Amino acid sequence: MTTLLQPVRRPSRARTSAPPRRSSPQLRRRRLTEAALFWALILPNLLAIVVFGYYPTLYNFVLSFTDWDFVQPAPVVVGLDNYIELFQSGSMLMDALRNTAIFVLVAVVGTLFGGMAIGALLAQRLRFSGLVRTLAFAPHMLPGAAVGVLWLFMFDPNYGLSRWLFSMFGMESPHWTTTSDFSLWSITIAYAWQRLGFVAIIYYTAILDLPKDIYEAAALDGARGWPLFRYITLPLLSPVTFFLTVTGIIAAAQTFDIIATLTMGGPGTSSTTLPWMIYDQAFVDFNIGTSAATATVMFVLLLVVTLVQTKYASKQVHYS
């Protein structure tokens with residue numbers, strides 16, 4: 001006789017679970033073939049990333065603790081001396097950090113606002129919009145050295161476009177590339193001009209793909225003009241803005257060729273950014289240890305900025 005206090009016997013899992021499936025020889029061969037194909041396709045890419053990406057980064061980190069001038073047979077370990085020298089008061093690193101911050105901030109923010117405005121105009125499908133799209137994107141196809149040479153002529157105070165523009169207002173053109181007051185702005189203008197078309201085309205395609213039903217619902221509620229752009233368009237474009245911001249910061253912080261052709265980091269250190277400082281220390285001063293330490297500082301800064309942006313994006317970027 002059973003009572004309520006007696007434990008209820010549950011059916012064992014062995015009785016209820018389905019019997020294990022036995023893999024047939026054909027299934028095992030198929031799995032092995034798929035695994036072999038997977039590793040055959042992915043292994044060359046992994047090796048390329050390790051050899052050309054991770055190994056130089058780690059080797060650069062090791063070199064940052066050494067003293068080497070390409071003449072000594074082997075680097076000499078000096079500990080943290082290179083980092084202490086970099087962060088001393090009045091060192092070139094402080095000037096390079098300030099110039100890099102101004103250059104990246106102005107270039108990225110300027111191209112985002114300008115590219116969004118141009119992309120919104122192109123999306124209106126006005127006359128000659130196809131020609132304008134081509135002209136806007138063309139500078140992005142040019143190499144940085146060609147852009148630098150082009151703007152070297154345009155900035156020339158004697159016969160360049162700058163002389164013509166300033167003469168219209170009865171003013172003399174500044175010496176953009178040879179004075180410390182304008183050298184940083186000259187490379188910023190040239191870089192922003194090259195990237196503006198790329199940002200505009202990305203925004204143009206993103207605006208064309210925005211869902212029409214949301215705008216129809218907003219129109220029924222009477223939303224138009226700036227409120228429609230502020231509360232509908234900007235949130236929908238936030239993933240594109242996030243992508244352009246991350247890639248823009250990384251690309252601008254690594255700019256080298258425009259600086260090399262326009263100002264060569266000068267006069268003095270007025271247009272010296274971190275990439276130019278790394279090159280100057282390694283291949284002009286032959287101070288490999290300090291150059292490697294500067295490259296490590298730049299790597300850490302970009303890593304921190306990217307991590308902060310990724311964390312911020314989880315709260316502000318709307319993917320649906």
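E34 is partly exposed, because its relative accessibility of 46% falls between the 20% and 50% cut-offs. In this predicted model, E34 forms a salt bridge with R30, with the closest N and O atoms 3.4 Å apart.

**Salt bridges**
- Side chains of opposite charge can pair when their charged atoms come close.
- E34 and R30 are four residues apart in helix α2, so about one helical turn separates them.
- R30 counts as exposed, because its relative accessibility is 54% and the cut-off for exposed is over 50%.
- The other pair is R98 and D95, whose side chains meet in a salt bridge at 3.3 Å, N to O.
- Both R98 and D95 sit in helix α4 (residues 92-122), three residues apart, or about one turn of the helix.
- R98 is partly exposed at 44% relative accessible area, and D95 is partly exposed at 23%.

**Nonpolar patch**
- A nonpolar surface patch of about 1100 Å² includes F38, W39, L43 and Y54 among its residues.
- F38 belongs to helix α2, which covers residues 25-63.
- With a relative accessible area of 49%, F38 is partly exposed.

**A buried threonine**
- Where is T294? This residue lies in helix α14 (residues 288-316).
- T294 is buried, because its relative accessible area is 0% and buried means under 20%.
- The side chains of T294 and Q281 are joined by a polar contact of 3.0 Å.
- Leaving aside neighbours within four places in sequence, T294 is in contact with L86, L93, L274, M277, I278 and Q281.

**A loop phenylalanine**
- F182 is found in the loop between α7 (161-168) and α8 (183-208).
- The relative accessibility of F182 is 31%, so F182 counts as partly exposed.
- Not counting residues up to four places away in sequence, F182 touches P174, H175 and W176.
- F182 and P267 are 85 residues apart in sequence, and their C-alpha atoms are 9.9 Å apart in space.

**Annotated domain**
- An unreviewed UniProt entry places the feature "domain: ABC transmembrane type-1" at residues 97-309.
- Residues 97-309 are 75% helix and 0% strand, and the end C-alpha atoms of this span lie 19 Å apart.

Technical notes:
Residues are numbered from 1 along each chain as its sequence is written. This is a predicted model: local features need pLDDT of at least 70, side-chain atom pairs count only at pLDDT 80 or more; totals for chains, interfaces and linings use all residues. Side-chain values use heavy atoms; hydrogens and water are left out. UniProt positions are given in the numbering used here, feature names are shortened, and annotations may be inferred rather than shown by experiment. Helices (H or I, at least four residues) and strands (E, at least two) are DSSP runs, numbered from the N terminus. Buried means under 20% relative accessible area, exposed over 50%, partly exposed in between (1.4 Å probe, protein chains only). Contact means heavy atoms within 4.5 Å. Patches are made of residues with over 30% relative accessible area and no salt bridge: like charges are joined within 9 Å, nonpolar side chains (Val, Leu, Ile, Met, Phe, Trp, Tyr) within 5 Å. Accessible areas come from the Shrake-Rupley method with a 1.4 Å probe; for residues, only the protein chains shown count as cover. A salt bridge is a side-chain nitrogen of Lys or Arg within 4 Å of a carboxyl oxygen of Asp or Glu. A polar contact is a pair of N or O atoms within 3.5 Å; within protein, one must be able to donate a hydrogen and the other to accept it, and residues adjacent in sequence count only if both atoms are side-chain atoms.
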